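Subject: Structure handover

Hello,

Here is the structure we spoke about, with the sequence alongside. My notes follow below.

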Amino acid sequence: MSAQHNKTSVAAISIFASGGMAAAKFVVGIAIGSLALISEALHSSIDLVATIITWAVVRVSDKPADEEHHYGHGKLESISALGVTALLYVLAGGILVEAYSRLREGTPPPTISAVPFVVLVIDIVVNLWRARALHRAARETRSQALAADALHFASDVMGSCAVIVGLILAALGFWWGDAAAAAAVAVMIAALGLRMAGSTVQTLLDRAPEGAQEKATAAIRSVPGVIDVERLRVRMVGATTFIDTIAKVPRTYPIDRVEEIKRKAQAALDKAFGDADLTFTPVPVARNNETVRDRIMVIARNSSLAIHHVTVHDLGAKLIVGIDLEVDAGMRLDAAHDIANTLERNIKEEFGEDVEVDVHIEPLEPELPFGVDAAPERVQTIAAALAEFAGEGEIHDIHNVRVRNTDAGEIVNFHCRAAPSMSVIRVHEHVDAIERALRRAFPSVKRVISHAEPPRV
């Protein structure tokens with residue numbers, strides 16, 4: 001059963017129960033002349049009105065957001081609860097006035113019989129059942145309207161108990177017992193209204209639920225990649241917790257990594273709150289462990305520049321930075337030089353004017369979408385040359401050699417093996433030497449791509 005169906009079903013059942021018990025108490029109260037019983041009947045009538053309103057409201061409050069209601073329709077529950085609170089205060093005032101009048105005039109006590117006690121006991125049992133069912137549904141769906149309805153029926157139990165005490169006092173000869181019980185019912189109704197009004201008004205004023213900010217902050221901070229939470233705001237609309245946060249993330253992260261952080265933050269909040277709607281604003285910040293190379297890559301990425309082979313030398317009093325900048329091969333030199341100068345200025349703004357920056361401009365490697373596999377004889381020739389250049393050195397077992405012919409020249413891919421204890425720099429130096437030898441021997445080779453791996457176990 002869906003949460004929406006559960007809410008409407010419980011509210012609909014409460015309508016019939018409220019109507020039946022209100023009518024029974026009112027008829028018996030009129031028959032015996034008990035103000036307390038009539039007051040309780042009127043209280044139940046207000047509950048009936050409240051339940052009908054609740055039943056209508058919960059059918060609308062769970063509707064999704066639309067073009068006119070961007071946060072959904074959940075606030076309808078708070079508005080309905082506020083309206084019911086106003087009705088309760090009107091009823092409480094009326095009962096107090098009538099009770100005072102009867103106490104002042106010395107109105108005779110009601111006629112006592114077993115009938116009102118039977119009706120009140122049945123009312124207590126029914127209200128206990130309704131309050132429990134409504135409270136369970138309100139807790140499961142986080143419905144403020146159902147919670148208010150449950151509180152009504154819980155107060156009805158106390159009111160019925162007060163009426164029973166008043167009738168017993170009247171039966172014992174205390175003529176004022178019934179009017180005093182009616183006044184007690186009015187006070188209970190007023191106290192209930194005050195409690196409901198406080199909670200409802202706080203919701204309408206967008207007060208954050210108790211502990212929600214700390215809970216949401218902890219959930220977001222637990223997501224890997226979140227450095228800190230700069231700001232977080234929480235508001236409730238119906239059963240949905242809306243969370244607006246500004247979170248610090250590393251500025252070196254690419255956009256897709258930041259999106260992954262956002263998805264994980266949403267999942268963490270859904271786990272913590274059940275139904276959460278997150279607005280996540282990432283703020284890129286520098287971390288303490290960023291290297292000079294990291295900072296330079298960020299500068300280039302922010303300008304949408306392609307750079308590689310970033311070298312950094314620290315001479316103590318001065319930083320020496322070398323960068324390979326890739327630009328469109330057909331770009332004029334003066335335009336490319338302006339781009340390089342801008343990059344140099346941005347780096348100096350980051351590290352200081354005394355940093356020495358040299359930018360090597362080279363054509364952007366073109367994409368080569370069209371190509372065909374070379375003839376098997378050509379592949380065998382290239383493979384034999386690679387094995388010869390490797391010789392008996394530390395790079396061995398040249399395999400998986402592939403050669404493709406493209407408009408720009410031949411592209412060669414191969415795999416090789418090296419000792420697992422070798423450092424990456426040593427492997428790179430040896431493989432690079434093989435690649436250079438191959439290009440010298442075969443000028444038509446445009447690019448060589450190698451993959452080194454440890455020996456098979």
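This is a predicted model: local features need pLDDT of at least 70, side-chain atom pairs count only at pLDDT 80 or more; totals for chains, interfaces and linings use all residues.

Residues are numbered from 1 along each chain as its sequence is written, and side-chain values use heavy atoms, with hydrogens and water left out.

Overall make-up

The chain has 12 helices and 10 strands. Helices (H or I, at least four residues) and strands (E, at least two) are DSSP runs, numbered from the N terminus. Of the 457 residues in the chain, 42% are buried. Buried means under 20% relative accessible area, exposed means over 50%, and partly exposed is in between (1.4 Å probe, protein chains only). Among the contacts in the chain with a separation of 6 or more, 68% are between residues 24 or more positions apart; a contact means heavy atoms within 4.5 Å.

The largest nonpolar core

The largest nonpolar core has 28 residues. Such a core is a set of buried Ala, Val, Leu, Ile, Met, Phe, Trp, Tyr and Cys residues joined through side-chain atoms within 4.5 Å. Two or more residues each come from α1 (3–32), α2 (35–61), α3 (75–105), α4 (114–141), α5 (144–171) and α6 (177–204). The largest share, 8 residues, is from α6. The residues with the most contacts inside the core include Leu 37, Leu 88, Val 163 and Ile 189.

The four-stranded sheet

An open sheet of 4 strands has the order β7-β8-β9-β10, with mixed pairing. Its edge strands, pairing on one side only, are β7 (371–373) and β10 (445–453). From one strand to the next, the twist averages 25°. Two strands count as paired if DSSP finds at least two bridges between them.

- β7 and β8 run antiparallel and are joined by 3 bridges; Gly 371 has Thr 406 in β8 as its bridge partner.
- β8 and β9 are also paired in the antiparallel sense, over 7 bridges, and form a hairpin with 2 residues between them. Here His 396 stands opposite Arg 417 in β9.
- β9 and β10 run parallel, joined by 8 bridges. Phe 414 is opposite Ser 450 in β10.

Helices on the sheet

Helix α11 (residues 376–390) has 15 residues and reaches 21 Å from its first C-alpha to its last, close to the 21 Å expected at 1.5 Å a residue. The expected span is 1.5 Å times one less than the number of residues. Which residues of α11 are buried? They are Val 379, Ile 382, Ala 385, Leu 386 and Ala 390. Seen down the axis of α11, these buried residues fall within an arc of 135°, so they line one face of the helix; the arc is that of the directions from the helix axis to the C-beta atoms. What covers them includes β8 (396–406), β9 (409–417) and α12 (424–441). The face turned away from the buried side carries the exposed residues Pro 376, Glu 377, Gln 380 and Glu 388. After α11 comes Gly 391, with a positive phi near 60°.

α11 packs on the sheet, touching β8 and β9, and its direction makes about 140° with that of β8. α12 lies across β9 and β10 and runs at about 150° to β10. For these angles, axes are lines fitted to C-alpha atoms, for helices over the stretch in contact, and angles run from 0 to 180 degrees between N-to-C directions.

Individual residues

Most residues other than glycine have a negative phi. His 309 has a positive phi, near 50°, and counts as exposed at 56% relative accessibility. Asp 397, in strand β8, also has a positive phi near 50°. Asp 397 counts as partly exposed, at 38% relative accessibility.

Lys 264 lies in helix α8 (residues 255–273) and is partly exposed, with a relative accessible area of 40%. Its C-alpha atom is separated by 9.8 Å from that of Ala 219, which is 45 residues apart from Lys 264 along the chain.

Regards
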